[in-house]
Amino acid sequence: MWENLLQFVLDNTVLTVPTIREPILNGEGEISGNFTEKQASELAILLKSGALPAPLKIIEEKNIGPSLGEESIKAGEMAATISIIAVALFIIITYGKLGVLASVALFSNVVLILSILTLLEATLTLPGIAGIALTVGMAVDANVLIFERIREEIKSGKRVERAIEEGFKNAIKTILDSNITTLIAAGIMFIIGSGAIRGFSVTLSIGILCSMFSAITVTKLLIELCMNPKELVLC
């Protein structure tokens, strides 16, 4: 008497050969037999996931020491330092004495970010360095926006003192809007991401808050303390 057998084969290995005792009408069936609980569980896992041991062929093998990571960190720090100096030089060349004060505020911003990261006992990684470099650019962008608003106020015929006040006042809303938008994006990255992405989002968030503080508060304070209104030239 012939029996209807159903063979399950995976990776050229026969998993099981059950006997079909009744028609399979809805595409589902049940395998029964003298299985232990462990055997039944293992068979179910293999049938569902196909997790059979697969032979491995080693094509290439390398040992990477900690020096590689250290070199990457140093290269990142060097790149961030060069970018900060380049940005500071650009803003000094463009805005003169105001650019010097903005650069002082910029460096204070970096010091503030690093101080907060130190207090949090955070490890400075490559994503963290990238976050700091990005926030430096955003801080400069805020200063440029403020200076351009001051320039517009001066061109409209207002006194320099009044132009500075109005320039900061009119620029704050735009600065807040752009930075809050970036903060929201950083928050989403922190919630959804993991590992390096979270580290980047944390550094970016801290940097954004510090950048807003340095641009709105520190830069204005330095201008009021150090600048003679008659020496303010933006045209």
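Which residues does UniProt list for "transmembrane region" in its unreviewed entry? The record gives residues 75-93, 100-120, 126-147, 179-197 and 203-223; UniProt positions follow the numbering used here, feature names are shortened, and annotations may be inferred rather than shown by experiment. The structure is a predicted model, in which local features need pLDDT of at least 70 and side-chain atom pairs count only at pLDDT 80 or more, while totals for chains, interfaces and linings use all residues. Residues are numbered from 1 along each chain as its sequence is written, and side-chain values use heavy atoms, with hydrogens and water left out.

The chain contains six helices and two strands, arranged from the N terminus as β-β-α-α-α-α-α-α. Helices (H or I, at least four residues) and strands (E, at least two) are DSSP runs, numbered from the N terminus. Of the 235 residues, 29% are buried, that is, under 20% relative accessible area with a 1.4 Å probe and protein chains only.

Residues 75-93 are 100% helix and 0% strand, with their end C-alpha atoms 27 Å apart. For residues 100-120, the corresponding values are 95% helix, 0% strand and 31 Å.

Helix α5 comprises 33 residues, 160-192, and extends 47 Å from its first C-alpha to its last, close to the expected 48 Å; the expected span is 1.5 Å times one less than the number of residues. A kink of about 30 degrees is centred on I172, the bend at a residue being the angle between axes fitted to the seven residues ending there and the seven starting there. The buried residues of α5 include V160, E166, F168 and N179. I164 also belongs to this helix and is buried, at a relative accessible area of 13%. Its C-alpha atom is separated by 8.7 Å from that of I146, 18 residues away along the chain.

The second largest pocket holds about 240 Å³ of space. A pocket is an open set of points on a 1 Å grid over the protein atoms alone, where a 1.4 Å probe fits, with protein on both sides within 12 Å along at least five of seven lines; lining residues have an atom within 4 Å of a point. Helices α3 (97-119) and α6 (196-226) each supply at least two lining residues, and α6 gives the most, with four. Among the lining residues are L114, T118, F200 and T203. By class, the lining has six nonpolar, six polar and no charged residues.

Technical notes. Grid points are joined across faces, edges and corners, and a volume is the space filled by probe spheres set on the points. Ala, Val, Leu, Ile, Met, Phe, Trp, Tyr, Cys and Pro count as nonpolar, Asp, Glu, Lys and Arg as charged, and the others, Gly among them, as polar. Buried means under 20% relative accessible area, exposed over 50%, partly exposed in between (1.4 Å probe, protein chains only).
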